[in-house]
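Welcome! Take a look at the sequence and the model, then read on.

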Amino acid sequence: MTGEQEHVDRSSAAGLLASAEQASQSMVSSINFRRTFLVAYVAIWSIGISLEHVLPGLTEFWILALTIPLAMAHYFLTRKHAKIRPPLRNSGSYGWYGFLAMTVLLCLRAWAAEDLWSICAKITVSCTVLWILLAKAQQAWDKDLVDDAREQAV
């Protein structure tokens, strides 16, 4: 290999490393971005479920309808980020966390909170439990993505 070819190979390798670094930074920022939206979804649904027995149905509908502009903002803000591909093989543990979150939502609907203290307790319990379950589901999804990428790299 001549000195000129080696210099070209080194400069192209440096360019590839820089683009890989930029892609990984974009992926990390999109993961933090998704967690912010996850907190907002959990807060809206916790408040909506907690005020279910106190507010009229139309008011509760409008509270839960806040997820529509949130979903639109999420779509428009994340479409410029790096696309996250689904893992080819997954453990499915995030599916179990999602199932547990839906089960918790059903149980919370059975809890009729009508005074201020029980409403505050219901909001606290629902935010805490839903956040833990959905954050674990997101961690499991991210772990499956990393494991799948490692398998494809080898």
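E52 touches E60, R109 and K122, leaving aside residues up to four places away in sequence. This is a predicted model, so please read every contact and area here as computed from a prediction. The points below visit E52, then I119, and finish with a nonpolar patch on the surface.

**Around E52**
- You will find E52 in the loop that runs between helix 1 (3-50) and helix 2 (57-64).
- E52 has a relative accessibility of 13%, and because buried means under 20%, E52 counts as buried.

**Around I119**
- I119 sits in helix 5, which covers residues 116-153.
- With 11% relative accessibility, I119 also falls under the 20% cut-off, so I119 counts as buried.
- Not counting residues up to four places away in sequence, the contacts of I119 are S50, L51, V54, A113 and E114.
- One of these partners, S50, is 69 residues from I119 along the chain, yet their C-alpha atoms are separated by 5.9 Å.

**A nonpolar patch on the surface**
- Which residues form the nonpolar patch on the surface? They are I68, M72, Y75 and F76, and together they have about 440 Å² of accessible area.
- F76, one of the patch members, belongs to helix 3 (residues 67-78).
- The relative accessible area of F76 is 43%; because this value lies between the 20% and 50% cut-offs, F76 is partly exposed.

Technical notes:
Residues numbered from 1 in each chain as written. Predicted model: local features only at pLDDT ≥ 70, side-chain atom pairs only at ≥ 80, totals over all residues. Heavy atoms only, no water. Helix = DSSP H or I, 4+ residues; strand = E, 2+ residues; numbered from the N terminus. Buried < 20%, exposed > 50% of the residue type's maximum accessible area, 1.4 Å probe, protein only. Contact = heavy atoms within 4.5 Å. Patch = residues over 30% accessible without salt bridge, like charges linked within 9 Å, V, L, I, M, F, W, Y side chains within 5 Å. Areas by Shrake-Rupley, 256 points an atom, 1.4 Å probe, with all protein chains shown as cover. Salt bridge = Lys/Arg side-chain N within 4 Å of Asp/Glu carboxyl O.
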